[in-house]
Every structure is written in structure tokens, then in C-alpha cells.
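Subject: Structure handover and findings

Hello,

Here is the structure for your files. Please open it alongside this message. My notes follow below.

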Amino acid sequence: MGAVAVAAALGLLLLATAGGSAGDEAREAAAVRELLARLLGPGPAAAFSVSVERALAAESGLDTYRLSGGGAGAQVRVLGSTGVAAAAGLHRYLRDFCGCHVAWSSSQLRLPQPLPAVPEELTEATPNRYRYYQNVCTQSYSFVWWDWAHWEREIDWMALNGINLALAWSGQEAIWQRVYLTLGLTQSEIDEYFTGPAFLAWGRMGNLHTWSGPLPRSWHLKQLYLQHRILDRMRAFGMIPVLPAFAGHVPKALTRVFPQVNITQLGSWGHFNCSYSCSFLLAPEDPLFPIVGSLFLRELTKEFGTDHIYGADTFNEMQPPSSEPSYLAAATAAVYQAMITVDPDAVWLFQGWLFQHQPQFWGPAQVGAVLGAVPLGRLLVLDLFAEIQPVYIRTASFQGQPFIWCMLHNFGGNHGLFGALESVNRGPTAARLFPNSTMVGTGMTPEGIGQNEVVYALMAELGWRKDPVADLGAWVTGFAARRYGVSHGDAEAAWRLLLRSVYNCSGEAYSGHNYSPLVRRPSLRMVTTVWYNRSDVFEAWRLLLKATPTLATSPAFRYDLVDITRQAVQELVSLYYEKARTAYLNKELVPLMRAGGILAYELLPALDKVLASDSHFLLGSWLKQARGAAVSETEAHFYEQNSRYQLTLWGPEGNILDYANKQLAGLVADYYAPRWRLFMETLVANLAQGIPFQQHLFDKNAFQLEQTFVLGTKRYPSEPQGDTVDLAKKVFLKFYPLWVAGSL
């Protein structure tokens with residue numbers, strides 16, 4: 001595609017969304033001032049002057065902020081072209097001038113007095129029209145049980161990190177319920193169709209239906225209320241909320257009301273049978289398609305208003321019924337036409353995951369059919385996994401459609417120190433410089449949040465940078481100093497070791513998913529190889545513990561100490577598993593009992609105690625959120641079971657077993673540890689009796705343990721217990737010398 005066509009496509013996108021983020025300057029400035037008061041308190045917030053002026057924006061309309069003032073009692077002046085730009089400028093000042101750190105786990109906001117002066121007026125314009133945030137799955141893996149207090153903190157974090165485009169998908173099932181009732185479905189048919197709360201993301205993408213439902217009436221009411229508050233706050237900052245649109249999936253019950261309707265049943269997904277998957281797809285040429293699509297969008301925008309960007313995914317991880325380009329073009333065009341019937345200014349935000357997930361199906365003709373079915377500039381593609389498998393390169397910048405370079409990073413909300421910082425650092429600039437590039441932004445698209453905060457700090461910063469960070473070693477050193485509020489040589493050295501090891505993943509080694517034996521159903525064929533030198537993890541652990549006399553009062557440091565201890569124990573589990581497996585295969589009973597006993601009866605209980613010392617690593621906190629969303633004990637039990645299923649079996653038969661694994665106190669003690677004890681005891685018994693280990697028999701017994709946990713009602717603490725430093729030291733003093741001595 002030529003440069004003229006590219007410019008035309010981007011111009012159309014800018015025109016289509018020009019009014020969506022304009023908002024009101026005074027309202028956006030007020031929103032940032034209120035954020036400042038929440039962040040720092042009313043007194044310190046008074047030291048800042050915040051204003052918003054559209055005229056500050058760069059010629060191309062890109063978000064811009066300006067910093068000035070401060071020092072000797074003078075106010076720090078923050079000016080932004082939008083509320084988001086002003087918030088990003090405020091964050092820049094706090095980070096670079098005050099050494100502060102804003103994070104999910106714990107922010108460090110000790111302000112120097114007096115506030116440092118901005119030596120010269122600093123004006124910064126982003127090179128990215130959009131800084132996008134969220135994955136459809138994030139709604140289920142991280143946000144599902146959130147109340148407004150959680151959302152308020154998250155939207156503040158988004159604003160400070162310069163996010164101006166984000167999904168806002170809460171409450172849509174309530175709108176669909178209205179539409180389905182209008183179309184003649186019964187309430188029981190609708191209830192039978194929706195998944196439970198913890199699995200709504202996959203219901204929304206057409207992967208699942210019915211599983212772990214139905215949704216209570218109160219769920220719809222509370223989600224409607226929550227969505228209004230989310231949208232009000234996002235718009236107050238000048239963000240563009242992305243609303244859902246009709247992708248073509250419908251309940252089977254529609255065939256009762258319309259017997260002649262043309263519907264195709266798709267194949268199964270995620271090892272689920274057709275009781276819960278094999279969704280029904282309305283044919284693009286059926287007269288009902290535009291009716292359903294426009295009914296939904298009309299009702300949705302009537303309830304919530306619109307900013308003219310909508311998300312929909314028809315073939316997410318599902319093979320279309322035909323590979324014919326004509327069919328794929330028609331299916332895509334039907335979704336878009338239903339949008340513009342209601343909103344002529346509609347832009348379709350499209351997850352490009354399908355092209356990466358099934359490359360054998362999506363050849364050039366198939367990709368071209370989809371991308372060409374929507375006018376240039378009206379399809380905004382998320383290159384969802386671009387830090388490792390960018391699709392823009394093999395599709396010539398999505399054949400001229402604008403795209404956002406995204407970092408996916410995390411699958412399932414797993415714990416585990418992990419990242420590809422070198423690749424992330426270079427990726428956006430490379431995409432921007434690609435021949436005839438149609439890149440219009442950067443994005444963070446994790447399936448789950450609340451982990452590996454260094455990765456998201458870098459990615460958010462890159463949304464405002466024209467070039468990569470020149471020296472990542474120096475950058476991560478500064479990150480550590482800001483995070484803990486003081487420079488400390490040992491802590492900073494630990495972070496540089498982590499940068500070169502766990503955060504330096506790339507190429508074939510990259511998965512974004514934690515496959516550690518610790519969180520997997522055991523077998524004799526588990527993979528324990530890692531892409532880094534484990535000694536770097538153990539040395540970083542030692543260095544952080546060495547820094548405790550100085551840094552132990554920092555909540556962020558204590559969080560990181562739990563996380564690095566958790567990672568070290570994860571490594572130890574792999575090493576002791578290898579020793580146990582080798583002993584079993586060599587028919588050595590005593591070494592098997594020794595290694596297996598340490599793994600199952602020492603390491604995992606010790607890990608559970610360390611995790612229990614921090615509120616961010618508690619199963620009880622996760623389950624408390626779920627129960628807190630309920631209005632009755634019956635609902636609370638239902639929501640808790642949804643939560644337990646998602647963390648473990650995922651489906652009724654372990655369909656996507658341990659995909660969403662978490663290392664949480666309580667989950668380790670009552671789910672992972674019993675499974676490992678069963679495995680080691682089975683190996684010992686088999687070896688002692690001369691009976692071969694049979695995986696299928698073990699799996700059957702393990703499933704009983706897993707199911708018992710899921711269906712259990714045990715209450716878990718939602719407040720931390722024990723001292724992180726003492727507990728981490730105990731584990732370290734027992735196992736680190738063994739590592740150094742080469743006895744592991």
C-alpha cells in the first residue's frame with residue numbers, strides 16, 4: 001500500500017474519532033485535580049495547579065503536556081491538552097522530579113519539600129494517538145468481582161499512565177437481556193445462555209455459553225450501576241471508552257422464535273463439549289443479522305451514550321465455517337454494517353489475535369478478506385501479541401488499516417517473574433518505522449494484571465516516548481530507587497540481575513504463561529527448563545534480603561520480597577522434582593522419599609506461609625471479593641465457586657486445567673500441595689510394590705482432590721499473617737546454602 005493511501009486511511013480514522021475524546025476542558029481539569037487529592041491528600045495537592053487546554057496539542061492533535069514552576073513555595077503548573085495528558089504530565093513530574101512511584105501493589109509517594117522546580121519549561125507530545133489498555137479476558141481474570149472502589153483506583157492508574165483508550169464492557173449482559181426479551185426469548189432461555197460471572201469474557205467472544213451460570217438478577221443491576229460510574233470517570237478524564245458491539249453469536253433459543261433463521265453451529269472450544277461451547281453464528285446474509293446488531297447497539301448507546309469506538313470478535317480462537325474469502329468478507333461487513341446503521345461514525349476495534357492464533361487458516365487471502373471488508377480507517381486493529389509475534393510485519397501493516405502495537409505479556413493472570421523487556425523496548429519504534437506503517441498507538445493487553453509491575457511501568461512510559469530507552473540497566477536501577485523511595489545498591493543490583501534473566505525472555509522461549517511444575521498437575525514428563533540462569537534468581541533473592549535492614553519498611557519492597565521468594569521456591573520445586581523423578585526412574589526409594597518429602601512437606605508449606613504475609617497473595621482476598629459482590633448467602637456461595645473453578649479446573653472436567661493458576665496462600669496449601677503429596681506418595685508406593693506409575697490413574701485421583709477443593713466451603717484469611725522478612729529468611733537460610741553447595 002502506498003503512502004498516500006496510508007495517510008488517507010489514518011485521516012479517516014482521525015475524522016471518525018475526532019469528537020469522541022474532546023469532552024469539556026474544565027471537567028477534565030477538575031477530574032485530574034480530584035485524582036491528585038486522592039493520590040496525595042488535599043494539602044499536598046494544593047501545591048499543584050492543573051489545567052487543560054486543547055490548543056496545547058501538537059499539530060496532529062496528539063496529546064501533549066507542559067510542566068513548569070515549583071521550588072521555593074511556588075506551585076507546580078501542569079497543563080495538558082486533555083485530562084489524560086495532564087494526568088500523564090503529573091505522573092512524569094512525580095516520577096522524574098520527585099522520585100515517586102505509582103503501582104498496583106503499593107505506591108511510593110514521599111514528596112520532597114519544597115517541591116523541586118522544573119528547571120526549564122518541559123513540553124512533551126506523545127507520538128501515539130492512542131495508548132490502549134485491556135484484553136477482553138482481563139474483565140474476567142482480574143476485574144470480575146471489582147466494586148467501584150477498585151475501579152476508581154484502576155482508572156486513576158490508567159490516567160496517570162496516559163491511557164486514553166480502554167474497554168468498558170461491564171453491564172452488557174443486562175442490555176442483551178433486554179434485546180433477547182424483545183426478540184421473544186423467555187427469561188429461562190436467556191438465563192440458560194449466559195455463563196457465570198468468572199467466564200463472561202468467553203461468553204462475550206462466543207467461545208462459551210451456559211457454563212457456570214446463570215447470572216442472578218442482582219448481577220445485572222449492579223453491573224449497570226458500575227458501568228455508568230466507570231464511563232463517567234473515564235470520560236471525565238477525556239478517555240475514550242470502547243463499548244461492545246454485536247459479533248454475530250446468538251443463543252440457540254433464537255431458532256425457536258425464528259425457525260427459518262440461517263444459523264451455523266461452530267466447533268468446540270477449549271476442550272468443552274457442545275453443552276457449553278459450539279456457539280451458534282448468525283449467517284451474515286440473514287435478514288435478522290442487522291436487526292439483532294442494531295437493536296443491541298441502539299439499546300446500549302441509549303443507556304450509556306457513545307464515544308464511537310466499538311469492540312467485537314467473531315472468530316476468536318474459533319475456525320470460521322468457511323475459508324472462502326467471500327464468506328469472510330461478508331461476515332466482517334455484516335458486523336460493521338450493523339454498527340454504522342446505529343452510529344454512522346462507528347470505528348471497529350478489532351483484536352488481531354485470530355491471525356496469530358491460527359496462522360494455518362488465516363492465509364493472505366483470508367486476512368485480506370477481513371481487512372478489506374471495512375473502509376480504511378474504520379477498522380482499528382490490535383496487534384495483540386506484538387512484542388513476540390507481530391502480525392503487522394506479515395500483513396503489510398494490516399493492509400493499510402490502522403493498528404495499535406500491543407504487549408500482551410500475561411496469560412491467565414499467572415504469578416511468576418516474567419517479561420521480554422528488550423523486545424518491548426524496541427518494538428513500538430520498529431513498528432512506527434516500518435515501511436508505510438499505519439501504527440497509531442501502543443497498547444497493554446494482559447489477560448490478567450497485578451503482577452510484574454516493572455513490565456507495565458516500561459510499557460506505559462513507551463507510550464510517550466519516540467525512541468526506546470537507551471539503557472535498560474540504568475532504567476531498571478531508577479525504577480528500583482523510585483519504587484522503594486531510596487537508592488540502595490543491593491536492591492538495584494538485584495533488579496539488574498532480574499532484568500538480564502527472568503525479564504529477558506524472547507523468541508521460542510517466550511510463552512507468557514507459567515508452566516512451572518509447582519502449579520501444574522504432576523506427571524513424570526514435566527518440563528523444568530527455563531530460558532535464564534537460575535543462579536541469577538537466587539542471587540537477586542540474596543541481595544534483596546541483604547537490603548532488608550534499610551528497606552523493610554517499604555510496602556513495595558516487602559511485596560517484592562514475597563514475589564522473589566515465591567519465584568525462588570518455584571525454582572526449588574523444579575529442582576526437587578527433577579531429583580525425585582530421577583530417583584524414581586533409577587528405582588532409588590530413599591532418595592525419592594527424601595526429595596519428594598522436601599518438595600511436598602517442606603517447600604510448599606513454607607511458600608504458603610510466605611504468601612500469607614502479604615495481602616496481595618491471599619486466596620481469602622480473592623474469595624472475599626467474590627462473596628462481596630453478592631446480595632445473599634446463596635449468591636455468595638455461587639460466586640465463590642465461580643472463582644474457585646476459574647483458578648483451578650476452569651471447566652467441569654478440568655477442561656483448561658490450571659490455565660489461570662495463581663500462587664496464593666490457601667491455594668498452595670489446599671490445592672497444589674495435596675496434589676503434590678498424592679503424586680509423591682503414589683511414586684513411592686509404586687516403586688515399593690514394583691508397580692509401574694500409571695498417569696491416567698493418578699489423573700483420576702488428582703481430579704478428585706481438585707474437585708473437592710473447588711466444591712469446598714472453607715474460609716480463608718483475608719488479612720496477612722506473619723512477618724514477610726522473617727519467613728523469607730527462614731526459607732533462604734535452609735535452601736540457599738544447598739544451592740551454593742551444589743546439593744540441589
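Is Glu-34 buried, partly exposed or exposed? Glu-34 is partly exposed, because its relative accessible area is 44%. Buried means under 20% relative accessible area, exposed means over 50%, and partly exposed lies in between (1.4 Å probe, protein chains only).

Some ground rules. This is a predicted model, in which local features need pLDDT of at least 70 and side-chain atom pairs count only at pLDDT 80 or more, while totals for chains, interfaces and linings use all residues. Residues are numbered from 1 along each chain as its sequence is written, and side-chain values use heavy atoms, with hydrogens and water left out.

Back to Glu-34. It is found in helix H2 (residues 25-40). Helices (H or I, at least four residues) and strands (E, at least two) are DSSP runs, numbered from the N terminus. Glu-34 is 122 residues from Asp-156 in sequence. In space the two are 9.8 Å apart, C-alpha to C-alpha.

The barrel

Eight strands form a closed barrel with parallel pairing. The order is S5-S6-S7-S11-S12-S13-S14-S15. On average, neighbouring strands of this sheet are turned by 30 degrees against each other, direction ignored. Two strands pair if DSSP finds at least two bridges between them. Strand S12 (residues 347-351) and strand S13 (residues 379-383) run parallel and are joined by four bridges. Gln-351 has Leu-382 in S13 as its bridge partner.

Helix H10 (residues 217-237) lies across strands S6 (165-167) and S7 (240-244). H10 runs at about 145 degrees to S7. For such angles, axes are lines fitted to C-alpha atoms, for helices over the stretch in contact (heavy atoms within 4.5 Å). Angles run from 0 to 180 degrees between N-to-C directions.

An antiparallel pair

Strand S2 (residues 64-69) pairs with S4 in the antiparallel sense, over four bridges. Thr-64 stands opposite Ala-125 in S4. Side chains alternate along S4 (residues 122-125). Leu-122 and Glu-124 point to one face and are buried.

Cysteines

How many disulfides does the structure hold? It holds one. A disulfide is a covalent bond between the sulfur atoms of two cysteines. The cut-off used here is a pair of cysteine sulfur atoms within 2.5 Å. Cys-274 is joined to Cys-278, with S to S at 1.9 Å. The link is left-handed, with -65 degrees about the S-S bond. Cys-274 counts as partly exposed because its relative accessibility is 45%. Cys-278 is at 3% and therefore counts as buried.

Why is Cys-137 too far for a bond with Cys-406? The sulfur of Cys-137 has its closest cysteine sulfur in Cys-406, but that is 13 Å away. Cys-406 is in no disulfide. Both cysteines are buried, Cys-137 at 6% relative accessibility and Cys-406 at 0%.

Thr-445

Cys-406 also touches Thr-445. Thr-445 is found in the loop between strand S15 (439-444) and helix H18 (453-462). At 0% relative accessibility, Thr-445 counts as buried. Its contacts, not counting residues up to four places away in sequence, also include Tyr-132, Gln-134 and Asn-135. Leu-384 is another of these contacts. A polar atom of the Thr-445 side chain lies 3.1 Å from the backbone oxygen of Leu-384.

Best wishes

How values were computed. Polar contact = N/O pair within 3.5 Å; in protein donor to acceptor, adjacent residues only side chain to side chain.
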